[in-house]
Amino acid sequence: MNKLLIIDDENSICSSLKFVFEDDYDVYTATNIFEVKKCIEKINFDLVLLDLKFGDIDGIDILNMIKNIQNKAVVIIMTAYGTIESSIKAIKTGAYDYISKPLDLEKLKVLLKKALENKILNDRIRYLEEEIENIYGKNGIIGKSKVMKDIFHLIDKIKDIDVNILIEGSSGTGKELIARAIHFRGIRKCGRFEVINCGAIPANLIESELFGYEKGAFTGANQRRKGRFELAHEGTIFLDEIGELDINLQVKLLRAIQEKEIFPLGAESSKKIDVRIISATNKELKEEVKKGKFREDLYFRLNVVSIKLPDLKDRKEDIPLLIEHFIKKYAKKIGKKIKGVTRDVLEILENYDYPGNIRELENIIERAIALTDNEYIDTVDLPVDLIKQCRVYDYFNNFNIIPVKIGQKLENIEKEVILRTLRAMENNKKKTAEVLGISERSLRYKLKKYNEYN
């Protein structure tokens with residue numbers, strides 16, 4: 001039930017209003033400044049009814065105090081006839097609305113209902129803005145390394161400047177995430193963010209995707225369709241893998257950038273567009289220009305500001321933060337309570353080169369969370385290929401310690417020893433049995449029991 005605070009120095013008014021509204025709200029009353037302070041410091045209120053004439057205290061001062069402590073509370077002023085000017089001042093200070101005394105209870109009920117609806121709507125908008133900031137804002141990009149701090153600084157410098165941006169980096173380094181951060185933190189955040197992968201759409205279809213088409217432009221064009229540029233008007237278009245764009249279509253893209261207008265297929269006239277263009281590539285576009293595969297004039301138009309994203313192997317100090325981020329993400333998604341990774345796992349992950357970059361690390365953590373039965377991800381939860389490729393990994397020198405807790409079941413300890421030794425022996429059952437000093441038949445029986453291997 002929503003909480004309502006009634007502030008009036010007359011006990012009779014507080015009691016009467018509480019009786020009227022107690023079926024619809026959780027009602028509290030305050031008749032002096034001490035009660036007011038106690039209420040607003042201990043309880044979060046949705047609505048506040050405040051008498052503008054509160055004894056010798058100016059109601060505006062109480063309003064300021066409420067807003068300083070609970071800025072999300074919606075305050076409605078109760079005012080006597082002749083103090084309308086003060087009520088307007090109160091609204092400018094932060095009150096939602098005012099109602100004159102003597103009170104019209106039906107009118108007050110409607111006003112409270114509207115005020116509550118307004119608060120719920122504002123709370124939703126605030127929540128969505130916070131979610132957008134968390135997902136797409138700078139804080140959604142994980143990193144404390146110098147190179148990432150430099151990128152954060154660059155994002156802040158360019159987010160409100162209408163220049164075209166080229167993001168360069170290997171696959172899996174987070175190019176789209178950077179593009180989204182620039183858009184959703186900048187002046188165009190209220191516009192649309194349109195994404196098109198230039199390498200994933202056939203050359204004969206991408207023109208209509210970019211610029212749209214008119215009804216009857218070709219067989220099957222039964223109605224007019226807006227292209228991504230038109231959809232992104234007053235927003236941002238993200239051209240991913242721009243290096244894959246057909247050389248003939250590059251001419252039309254160049255014209256759209258220079259003239260700030262597009263020609264939909266089948267259209268007789270152009271359409272003006274106001275779009276910020278952010279491009280991304282995993283290729284060296286300068287080399288593509290030299291090879292004649294990418295237009296030099298288009299390259300310079302797109303590359304007003306360049307952001308170069310490093311491979312994960314070149315920002316190893318960010319790996320623990322990324323691991324923590326992905327554990328929180330996938331533990332919640334999968335429904336497991338995972339506290340972290342063991343020291344052995346951290347050392348392995350910090351010394352791996354990640355040809356698939358951040359996307360590969362994310363997949364490793366998601367897989368490990370899905371497989372593990374423990375609170376901490378251990379080496380047994382990692383892919384065998386990753387362990388084999390890790391240069392520092394050596395079971396018999398660096399990772400020969402298995403933590404054992406007092407009171408832990410012996411069968412669980414035995415299982416852990418067997419499975420980790422099997423990993424060390426690269427799944428060779430004969431060698432594993434020899435190392436453990438048991439028969440291969442006994443090993444196969446135990447593995448079948450664990451339902452880990454056939």
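Predicted model: local features only at pLDDT ≥ 70, side-chain atom pairs only at ≥ 80, totals over all residues.

Cys 39 takes part in none, and the nearest cysteine sulfur, belonging to Cys 14, is 10 Å away. A disulfide requires two cysteine sulfur atoms within 2.5 Å. Cys 39 is buried, at 11% relative accessibility, whereas Cys 190 is exposed, with a relative accessible area of 78%.

## Helix α2

Cys 39 belongs to helix α2 (residues 33-42), where Val 36, Cys 39 and Ile 40 are buried. These residues lie on the same side of α2, because they cover an arc of only 85° around the axis. The buried residues of α2 pack against β1 (3-7), β2 (26-30), β4 (53-54) and α3 (59-69).

The face turned away from this buried side carries the exposed residues Phe 34, Lys 38, Glu 41 and Lys 42. At the N-terminal end, Asn 32 caps α2 through a side-chain oxygen that lies 3.1 Å from the backbone nitrogen of Phe 34.

## Salt bridges

The whole structure contains 36 salt bridges. One of them joins Lys 308 and Glu 168, at 2.6 Å from N to O. Lys 308 is in strand β16 (residues 305-308) and Glu 168 in strand β8 (residues 165-168), so the pair ties together parts 140 residues apart in sequence. Lys 308 is exposed at 55%, while Glu 168 is buried at 9%.

Arg 188 and Asp 274 also form a salt bridge, with an N to O distance of 2.6 Å. Here Arg 188 is buried at 8% relative accessibility, and Asp 274 is partly exposed at 34%.

Notes. Residues numbered from 1 in each chain as written. Heavy atoms only, no water. Buried < 20%, exposed > 50% of the residue type's maximum accessible area, 1.4 Å probe, protein only. Helix = DSSP H or I, 4+ residues; strand = E, 2+ residues; numbered from the N terminus. Arc of directions from axis to C-beta. Contact = heavy atoms within 4.5 Å. Polar contact = N/O pair within 3.5 Å; in protein donor to acceptor, adjacent residues only side chain to side chain. Salt bridge = Lys/Arg side-chain N within 4 Å of Asp/Glu carboxyl O.
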